[in-house]
Amino acid sequence: MVFPGVSEKLAQIRDEVRFHQARGGFSHEVRIIAVTKSHGPEAVRAAVQAGLQDVGENRVQEALGKQDQLSDVAVRWHLIGTLQRNKVRHVIGRFVLLHAVDREDLANEIDRRIAAVSAAPQPVLVEVNCSGEPAKSGVAPEGLGPLLDRIRELPGLEARGLMTMAAFTERESVQREAFGLLRELRGKMEARGHVLPELSMGMSGDFRVAVEEGATMIRLGTLLFGERK
């Protein structure tokens with residue numbers, strides 16, 4: 001088997017999720033998204049065989065290629081990476097959730113494209129730059145309210161929640177600050193009338209802290225499939 005032990009790794013991860021949820025005082029479901037970036041279609045099959053249904057891809061073209069090769073596999077596809085406007089036409093109808101809508105022009109383009117092909121809105125998450133790193137994508141916290149207000153005006157989009165990435169550090173205090181900020185922002189936005197049940201935050205190196213801070217989705221690749229080549 002190309003990816004041995006995925007089921008065993010998944011069982012351990014779920015145990016850790018329950019432990020860290022208890023530490024954080026949460027009991028909601030945490031959805032594990034198997035990130036198969038840079039791995040072949042066999043990684044997706046291994047995830048499904050282990051009991052996962054949600055698969056995340058960073059790059060549009062890589063994701064579409066895998067979808068075409070895996071038409072026989074029941075998968076909920078998530079686009080978790082940055083989406084450029086010129087790629088929007090390729091993603092409509094192909095993903096259950098777009099995790100990284102972070103600007104108004106992108107939201108407008110999704111709305112324009114989906115109006116031509118579907119009466120149902122595209123579920124999205126708004127990516128927020130909670131680490132304050134200039135190189136990171138995501139709307140600034142102070143711009144979240146106006147962006148969500150604009151998305152609410154667009155019939156082709158449905159905001160389901162928020163997404164963020166913490167700084168690449170092993171310092172739990174830094175991770176916790178970013179994840180805690182996203183949860184706080186969700187609370188403020190819900191007080192303004194937005195319904196945002198999902199918090200997509202936490203990857204292989206920091207998912208434990210994210211779960212303690214209320215994550216509803218965690219995006220795991222290395223822990224399930226090993227290092228990418």
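1. Burial. In this predicted model, 50% of the 229 residues of the protein chain count as buried. The accessible surface of the protein chain comes to about 10800 Å², and carbon and sulfur atoms account for 48% of that area.

2. Overall dimensions. The C-alpha trace of the protein chain spans about 45 × 40 × 30 Å along its principal axes. The radius of gyration is 17 Å, which agrees with the value near 17 Å that a compact globule of 229 residues would have.

3. Secondary structure and contacts. Nine helices and eight strands make up the assigned elements of the protein chain. Where contacts join residues at least 6 apart in sequence, 60% of them are between residues at least 24 apart.

4. Charges. The protein chain carries 31 positive and 31 negative charges.

5. Aromatic pairing. A pair of aromatic rings is described by the distance of the centres and the angle of the planes. The count for this model comes to one aromatic pair. Its members are Phe-3 and Phe-225, with ring centres 5.4 Å apart and planes at 75°; because planes over 60 degrees apart count as edge-to-face, the pair falls in that class.

6. Placement of the pair. Phe-3 lies in the segment before α1 (6-24), whereas Phe-225 belongs to helix α9 (residues 222-225). The two residues are 222 residues apart, and the pair thus links distant parts of the chain. Both Phe-3 and Phe-225 are buried.

Terms used. Residues numbered from 1 in each chain as written. Predicted model: local features only at pLDDT ≥ 70, side-chain atom pairs only at ≥ 80, totals over all residues. Heavy atoms only, no water. Helix = DSSP H or I, 4+ residues; strand = E, 2+ residues; numbered from the N terminus. Rg over C-alpha atoms; globule rule 2.2 N^0.38 Å. Buried < 20%, exposed > 50% of the residue type's maximum accessible area, 1.4 Å probe, protein only. Contact = heavy atoms within 4.5 Å. Areas by Shrake-Rupley, 256 points an atom, 1.4 Å probe, with all protein chains shown as cover. Lys, Arg positive; Asp, Glu negative; His and termini not counted. Charge placed at Lys NZ, Arg CZ, Asp CG, Glu CD. Phe/Tyr/Trp six-rings, centres within 6.5 Å; stacked < 30°, edge-to-face > 60°.
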